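Here is a short briefing for a first look. Keep the sequence and the model side by side as you read.

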Amino acid sequence: MKKLLAVAAALFAASTFAQEPIRIGVITDRVGVSKPYSEPCTEGTLFGAAEINRKGGVLGRKIELLVEDDQSRPDISAALARKLIDQGAVFILSMSLTPATQQQQTVTMDAKTPQMTPMNSGDTLTTQLPNPYFWQTGPLGSIQIATLLAHARAQNLKRVALISDNSDLGQLLARFFRAGLEKSGIQIVTEEVVPRGATTAEPQMQKIRAVNPDAMFMAGVLTAENVLIFKAYRQFGLKFPIHSSYNLSVPVYMSVAKGLIDGVTFVDAYDPDKPEVKQFIAEYTKATGKAPFNLHGYGYDGIMLVAEAIRRAGSTDKEKIREAMQQTSYAGVMGAKGMKYSFPEGKRAGFDPDGMVVRVYEGDRQGRVVHVGQK
Amino acid sequence: MQDFLELAVSAAASGCIYGLIALAYLLMIRPTGIINFAVGEWAMVGAFGGYLLLSKFEWPYPLGMAAVLVFMLGVGWLTERIAVRPLVERGAPLLAPILALLGMLVVFREAISVSFPPDPHPVPYALGIQHQSFFIIAVTSVVFIGVWLFFERSVAGKSFEAVAIHRRAAALMGINLSRVTALSFAGGAGAAGLAGLLVSPNVSAHYLMGVPLAIQGFTALVIGGVGRVEGALLGGLLLAFAEQLTVRYAPLPAGYAQGVPLLLLMMFLLVRPTGLLRAK
């Protein structure tokens, strides 16, 4: 009898997995400027999909990822979105630059195909187009600055310097920083830009040194240019505190800015003490042989959110998935302890405004959480 | 005064990097007329060589530096054999090898992009963070003095100049044009690779680092002129000082100083297209 049951179970499993897989499109950047961010995010998604399939798939069907590389180019990106939809993708995960994700929306809105970015932070992605098929679960730039400012407020800052790079995202974040600082009544005494491809940031740091600010805020997202800033800061023996955007949460700084970043605070969406994070790190490390970091978590949460929505929808009907997605309430790897992704009525940005943390570099290591949320 | 001295050292070091890239262009343009925009990618390859040998395998700096230089000479020689010589031998127009080298630019970048993880890679300082600028200035000075002596004092160098002045006449005089072309590419790759190695402790080795260096070096070349070796260094220094003094002292909103190299490039192309130093 037991043998019969086992055979029946095996046959059942084989029949469900013999069904058409659920195809999910992934648009990532494998060679362009976003590659350092897109690649780990995509790895997290691949790991998540493998885990889902190992546990029986979704609605008894396997998840199949159709991965495309848009080089972060909006023109290519839109064409790839169309291609993925033609290939049967019922959902598209966008993991390249914000402008590329925005361009994909023109296609997904037209084709009524659900699309989500688990990593983009541009505030306008869900507001520029009335696209009910698009969601964003990466923490918005405005949440980052608000969290960092909440932490900085306790230090009674009056006069600060703001430094960024000339990338689109760096300038966008600088705008958020500027608005947030002005709203908080903190004076920006000087604002500097280190251009992409610079070989030094010494002139900019000399200007900042000359105005002797209470602290310096960093909005730049280009690693090499940020390292130039840290080098000049150390070379000049400067002492004012540095508060940085989430860009400093990428672990590459631990090697390329070795000896330069002790004491720098940065916004992150990753709390290493959170139980979900500990479990994720253990399982990912066991499966792949290397430890994940926050960007892997964005991708992992992304595919989990999609799978969860399809499960609740009970079918791969795009309209039903859209309705299920909008009702999301899910605790993932990212975010402060207890945070859940959700989309309040009429909103499609799902990262909790109080879900970010501020951490500090201790030596060359990303250290403890020193602040949670915007309060 | 302290500000100015700090800035002078910083600008001189940046100018040396631009100068080395300009030298790489010049070494190829003079005898062949070919503008090779892949010099930026050669600098990137040099930087990754530094990462592999100095960071990963922890070779002693002088040995690692020498190995990178030798490797880059080989890369330049090979590039000429693969992308330039077949076209020249078939009598293709000058534009053909320039386009082929643009293709090589993509090949170099993609080869590095798929061979290494996407993050920037650290390269150690030769003498520590405080002394890197002086090290860059010293190495660049040695390179420029060496190249100047080669062209001005050696018979081989004179043969380069002869080819630059009149290729056919030089060939009739028994100068091996193929060898001169191959050596000019090897020298160009050596200079560019060295620039990449020297700048990489500051900016890290990164697969997208090549294009900005290629643009800065080209601007320096236009300013200094393609006629003389010392023009490349002069152009690089002028460009770096203009950039950094503008950022530090000009009453411009943040970010506007980025336009300085472009303005200089346009100004020289319009007013003095031969650059500051003309060929003797």
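**Around one glutamine**

Beyond its neighbours within four places in sequence, Q171(A) is in contact with S164(A) and N166(A). The model is predicted.

**Q171(A) in place**
- Helix α6 of chain A, residues 168-183, holds Q171(A).
- Q171(A) counts as partly exposed because 16 other C-beta atoms lie within 10 Å, while a buried residue needs 20 or more and an exposed one has 12 or fewer.
- A219(A) is 48 residues away from Q171(A) in sequence, yet the C-alpha to C-alpha distance is 7.6 Å.

**Chain A as a whole**
- Chain A contains 12 helices and 14 strands.
- Its C-alpha trace spans about 80 × 45 × 35 Å along the principal axes.
- Buried residues make up 54% of the 375 in chain A.
- Among contacts in chain A with a separation of 6 or more, 69% join residues 24 or more positions apart.

**Where chain B meets chain A**
- On chain B, 29 residues are in contact with 30 residues of chain A.
- Elements of chain B that give two or more residues to this side are α1 (2-32), α4 (95-115), α8 (177-203), α9 (210-224) and α10 (229-249).
- α1(B) gives the most, with 6 residues.
- The chain B side divides into 14 nonpolar, 10 polar and 5 charged residues.

Terms used:
Residues are numbered from 1 along each chain as its sequence is written. Chains are lettered from A and ligands numbered from 1 in the order in which they are written. This is a predicted model: local features need pLDDT of at least 70, side-chain atom pairs count only at pLDDT 80 or more; totals for chains, interfaces and linings use all residues. Helices (H or I, at least four residues) and strands (E, at least two) are DSSP runs, numbered from the N terminus. Two residues are in contact if their C-beta atoms, placed from the backbone, lie within 7 Å. Ala, Val, Leu, Ile, Met, Phe, Trp, Tyr, Cys and Pro count as nonpolar, Asp, Glu, Lys and Arg as charged, and the others, Gly among them, as polar.
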